[in-house]
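I opened the model to look up a few things and noted each in turn. The entries follow in the order in which I made them.

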Amino acid sequence: MASKRPNRLFRNLSSKIAAIPMALTALVVFVGGTAWTITYSFTNSKMLPKAKWVGMDQYERLWQTKRWIVSIDNLLIYGLFMLFFSFLIGFLLAALMDQKIRFENTFRTIILYPYALSFIVTGLVWQWILNPEFGVQNIVRSLGWESFDFNPLYSPEIAIFGVMLAALWQGSGLVMVLMLAGLRGIDQEIWKAARVDGIPIWKTYLFVVIPMMRAVFVTALVLITSGIIKVYDLIVAQTGGGPGLSTEMPAKYVYDYMFRAQNLGQAFAGSTMMLLAVLIIVVPWAMMEFRSNRRG
Amino acid sequence: MKLTVSFIAAALLAGTSMASAADLEVMHWWTSGGEAKAVAEFAKAFNATGNHWVDAAFAGPGEQARAIMVSRITGGDPMGAFQFNHGRQAEDLIEAGYLRDLTDIAEEEGWKDIITPSSLLDACTVDGKIYCVPVNIHSWQWLWLSNKTFNDAGIAVPTNWDEFVAAAPKLEAAGKIPMAMGKQSWQQTGAFNVLLATLVSDDIYNKVFADKDAEVAAGPEVFRVFKAAADTRELTRDSNVQAWNEATEMLIKGQAGGQIMGDWIQAEFRLAGMEADKDYGCLPGLGMREVLSVGGNAFYFPKLEDPELQKAQADLARTLLKPDVQVAFNMNKGSLPVRSDVDMKTANACMQKGLKLLAQGRVLQDPNLLLTQDTITQIDDLFAQFFADTTMSPESAQEQFADIIAEAE
C-alpha cells in the first residue's frame, strides 16, 4: 500500500476535536472578554457599555484616586508578606511532618483543613477572633493580664496584617502539602549520602533538597500569587475594606466601581491595570522558564 | 391515539390560559420584617385587580440586587416590574430604551396633581416623559435622642445640634458614648449630607449638589459643615459597631446619647417597644433648620412585548398610588406616603413632624436624586477615610470634596 504521509492537521484528530470546546472557551471567553474589557476602558461607559471614547481619562482619574493608590500599596504589602510567610510556614511544617512522626495523617488533615473553608467563612471567623470585645484580647484580659492590647482590625496601621493572619491560617496548609509531596519525591539515597559526608541537616535542606524541589516551588508560587492578586472575598467578609481605606484591595475597587458606582469605564481601567501588573510579572518569568526547559 | 391528542390539546390550552392570566414578576430587595410586611400590602392590592403578583425578592444589599436586575433587563430576560431608589440610578437604562414610558397612565391618573412633593415625580421624568412610580418618602435629616441616656446622666435632653455637641462632655463624664454611628461609609457620608442640609442655607446646598459648584463647595459656609463633621468624628470615637441598627441598639440600651439616621430607624424603636417623644426624641433637621431631603423608592417597568403583561403593568402602576394602598404600605415601612391627601392620623409623633414639614414644603432634593452613583461612591470613600483617620484635617477633606464636586456630572 502506498502510504501517503498523513496530513499534520488530522493527526490525533479525535483529541483535537475533544479540545475544541476548551480552545473556544479560552479564545472567546478569556481572550475575547479581555480584549472587550480593555477596549471599553477607553470609554466613559456608566451603567451600560457605551462606545463614547474618552482616551486615557479613566486611567488619569484612576491614578489620581487616593483609594486606588492605597489599594495598590496594600496589595504590595500583603503580597510580599503573604508570599514570604506562607512559604516559610508551609516549608517548616512540611519539614517537621517529614520527620516520620506518629499520627502524620491526623496532623496533615488538621493543617490542611482550613483550606477547605471558603474565604467568607475564614474572614468571619477571624473577624470574631480578632474582635476586641469577645476575641483573643478579651480572653487574655479575663485571664488576668488587664493591659493586654491586641486589636489589629480596628487599628488602621496594622489592619492589613490582621487580614494576612487569616489568609495565612487558610493558605499555609496547601503550601505544606505541596512541599511535603516534594520532600517525599527526594531520593532517600541523597539523605544517606549527605549523612555520610557529615553535612548538617539544615544545610542539606537549604543547599541540596530545596534546589531539587524547584518544580514544587514554582507550582506553589503560581497558586499563592494568583490567590494574592485576586483577594477580594476575604476582605469583604473580614473588614469590608476598613477601617477607613486601610484594607482596600484593587479587586474590590473594580467590583465597587462596576456594581455600586455604576461606572464601567473606571472599573475596566482598574481591571486592565491589574492585568498589566500580572503580565509584567508573569511574561518575563514564563519566557525564562520555557526557554530553560527547551535547552534542558 | 385520540386520547393522547386531546390530552396534548388540553395541556396546550391550559398552558396558554395560564400565561394569559397575567402573572407579573416583581423584583425588589425588601426582605426585613417590616419591609416584607409592607410589600405584602402591595401584592394583596395587586392580586385584587385580578392579576397575580409573583414575588421575586432579593435577600441582599441593594447594590447587588441592582446589578442582578440590570443584567436581567439588558440580557433580554426582563421581569414585569422592579424597585429602585429613584433618582439617577436608572438613567442609563432609560436612555438605552429598556424601560416603559408611563406618561399616558400618569396623565390619565393625574399624578402631577397628587404626588407631593413634585420633585419625586421630577426624578422619574426624563425628557418630559415619566418612567417610574414613586411609592414612598424616606428622609435622612433626623437626630434621634435616647431619653434614657440623658436622664441617667442627669442632663436635659437637647433640642438642637449645638446643645447636643455642648452636652457631649457631660455625657462622657457619666460614662456614656455621646453619639452612636456604625463604621460603614454610607452612614458616615449620610451624616455629612445631613449636616450639609441643616447647617447651611438651601441655596448653598443646591449650589453644591445640584449645580456642582466647586467654588461654593470649597467655600467658608461649607467649611462649617466639615468642622461639624470633625466634631461628629470626635463624638462617635468610641462607637465601635458596624451596622446602623447595632448603633441604634446603643440608644435603646441607654449607652449612647444620639444618632443621625434616616426615619427607617423608627422600625427598630418600635420593635423595642419604645414610643416617640416619650422614650426617644426626634429632631428633624437636627433642630437647626427644619428641613427634610426627600428620596425614597420607586417602581420601574421594563418594556415587554406581551399585551397581557403590559396591561398588568399598567394595573400595578395604578394600584401602587391608590390612597388606601399608600397608607397600608407606608405604615408598615415606616416611611411617608407620596400623596398628601391620605389619612395618616395613626402615624406617631415623629412621623407627624415629618408630614408637617412636607405639607409646608420644607423639602430639599435627596443627594441620590442629584448625584450619580459614581460621585456618591467617591464621596463615600472620602468619608470612610476621614472618619477612620483622625489626623485628616477638615481643610484637606474639604479640598478633596471640592475636587469630587468639580468632576461630578
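Entry one, the interface. I counted 18 residues of chain B in contact with 18 residues of chain A, where contact means that the C-beta atoms, placed from the backbone, lie within 7 Å. On the chain B side, the elements that give two or more residues are α3 (62–74), α4 (91–95) and α20 (373–388). I take helices (H or I, at least four residues) and strands (E, at least two) as DSSP runs, numbered from the N terminus. α20(B) gives the most to this side, with seven residues. By class, the side of chain B that touches chain A has six nonpolar, six polar and six charged residues. The classes are nonpolar for Ala, Val, Leu, Ile, Met, Phe, Trp, Tyr, Cys and Pro, charged for Asp, Glu, Lys and Arg, and polar for the others, Gly among them.

A note on provenance. The model is predicted, so I kept local features only at pLDDT of at least 70 and side-chain atom pairs only at pLDDT 80 or more, while totals for chains, interfaces and linings use all residues. Residues are numbered from 1 along each chain as its sequence is written, and chains are lettered from A and ligands numbered from 1 in the order in which they are written.

Entry two, chain A. I found 13 helices and zero strands in chain A. Its radius of gyration is 24 Å, whereas a compact globule of 296 residues would have one near 19 Å; the radius is taken over C-alpha atoms, and the globule rule is 2.2 Å times the number of residues to the power 0.38. Along the principal axes, the C-alpha atoms of chain A fill a box of roughly 85 × 65 × 30 Å. Of its 296 residues, 30% count as buried. A residue is buried with 20 or more other C-beta atoms within 10 Å of its own, exposed with 12 or fewer, and partly exposed in between, with C-beta atoms placed from the backbone. Among contacts in chain A between residues at least 6 apart in sequence, 68% join residues at least 24 apart.

I compared the length of α2(B) (residues 33–47) with expectation: its 15 residues should span 21 Å at 1.5 Å a residue, and the end C-alpha atoms are 21 Å apart, which agrees. The expected span is 1.5 Å times one less than the number of residues. The buried residues of α2(B) are B:Ala38, B:Val39, B:Phe42 and B:Phe46. They cover an arc of only 90 degrees around the axis, which puts them on the same side of α2(B); the arc is that of the directions from the helix axis to the C-beta atoms. These buried residues pack against β1 (23–28), β2 (52–57), α16 (307–320) and α17 (323–333) of chain B. The face of α2(B) turned away from the buried side carries the exposed residues B:Gly33 and B:Asn47.

I located B:Leu304 in the loop between β12 (297–300) and α16 of chain B. B:Leu304 is partly exposed, because 17 other C-beta atoms lie within 10 Å. Beyond its neighbours within four places in sequence, B:Leu304 is in contact with B:Pro78, B:Leu309, B:Gln310 and B:Gln313.

Key. Contact = placed C-beta atoms within 7 Å.
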